[in-house]
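Here's a quick tour for anyone opening this structure for the first time. Take a look at the picture, then read on.

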Amino acid sequence: MEEKRIKIGVLTSGGDAPGMNAAIRAIVRAGDYLGAEIYGIKDGYKGMFEAGKYIFRMTRNSVTDIITRGGTVLGTARMKEFVKDENRLIAINNLKQLGINFLITIGGDGTYQGAKRLTELGMPCIALPGTIDNDIASTDFTIGFDTALNTALDACDKLRDTSNAHQRCSIIEVMGRYCGDIALAVGVAAGAEVVVYSKETFYLEAILAEAKSWKVQNKRHALVVVAEHVTDVHELAQEIEEKSGFSCRATILGHIQRGGSPTAQDRILASRMGHAAVLAALGGRGGIAIAIRNNEIIEIPLAEALTVKKNMFKNFDELMHILS
Ligand code: F6P
């Protein structure tokens, strides 16, 4: 009797993140080594729903030369209509018709919600945290965060050069959706004067008081890091300039943070997590999220992963003495 091979689908969904390709590569190579068939699904849940040419068998050759590349070779999309169970059931049926019995999803919070529901509806999912935002609370780090952080750091260092030349303050707005991890981490790494990593940490009067001291201190430059969705950074620059007399310019870093070759840390994290996801599928464990905690790769039930509350880096508390 022919042995029934396990067939695993893989998709990337939501905002792309550097390191997603390294995860896909690890999944395909681990699958090949351990005897599972891997099927790539183009454009996230949309491809799963539309099926046809969107689902294809992946072999080691499909993942040659991708570990160095940012973006995702599988493409990604945000499909609003996927929140409807009727569409999810169509998508599940598409996979089942091909004999696919496990699905690995790589993405952020929205992707996790989708994976949880798909599991409940009959397609066991294994979720990998792939997002620059680091907003998946169940894991210490998400795939893509380190690369985005380094991209933001490079931008801050460049802004320092020009700020210094002009005796100016640079405000930089960084991404993170509603999570301030990129802002906080880059603020520390870049030696920022002020870091506003959430609406709750935005004290305009305190920033203006600080800005007024820069002239007195004879500072050549100042750096203010602000997380997105907190305030209008161009208006803030104008206010700082008017109230402190210190010249000020704002830069919104934007989608640059999502691109580029992944750092070693992201490639290694993605490879470890991709491998762990295949092991979970082969062990028959669905409805789980892969996470890293204290440098250990672990499995957490998806339902639990979605209820963990996000903590700002705990060990950054004492750094407030340096930041303020
Ligand atoms: O989730 C990743 C992210 O880049 C966030 O940091 C940002 O808020 C959002 O996606 C931007 O989304 P879009 O690519 O749809 O503009």
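How many Å separate an oxygen atom of the ligand from an N or O atom in the side chain of arginine 258? The answer is 2.7 Å. Keep in mind that this is a predicted model.

| Residue | Part of the residue | Distance to a ligand oxygen atom |
|---|---|---|
| Glutamate 228 | side chain N or O atom | 2.6 Å |
| Arginine 258 | side chain N or O atom | 2.7 Å |
| Glycine 176 | backbone N or O atom | 3.2 Å |

On its own, the ligand would expose 400 Å², and the protein buries 76% of that area.

So who's in the neighbourhood? Around the ligand you'll find Arg78, Ile132, Asp133, Met175, Gly176, Arg177, Glu228, His255 and Arg258.

Now zoom out to the chain. The contact between them involves 12 residues from domain 1 and 12 residues from domain 2.

Which domains supply the shell around the ligand? Both do: domain 1 and domain 2 each give at least three residues to it.

Terms used. Residues are numbered from 1 along each chain as its sequence is written. This is a predicted model: local features need pLDDT of at least 70, side-chain atom pairs count only at pLDDT 80 or more; totals for chains, interfaces and linings use all residues. Side-chain values use heavy atoms; hydrogens and water are left out. A residue is near a molecule or strand if one of its heavy atoms lies within 4 Å of it. A polar contact is a pair of N or O atoms within 3.5 Å; within protein, one must be able to donate a hydrogen and the other to accept it, and residues adjacent in sequence count only if both atoms are side-chain atoms. Accessible areas come from the Shrake-Rupley method with a 1.4 Å probe; for residues, only the protein chains shown count as cover. Domain bounds come from an automatic or database domain assignment. Contact means heavy atoms within 4.5 Å.
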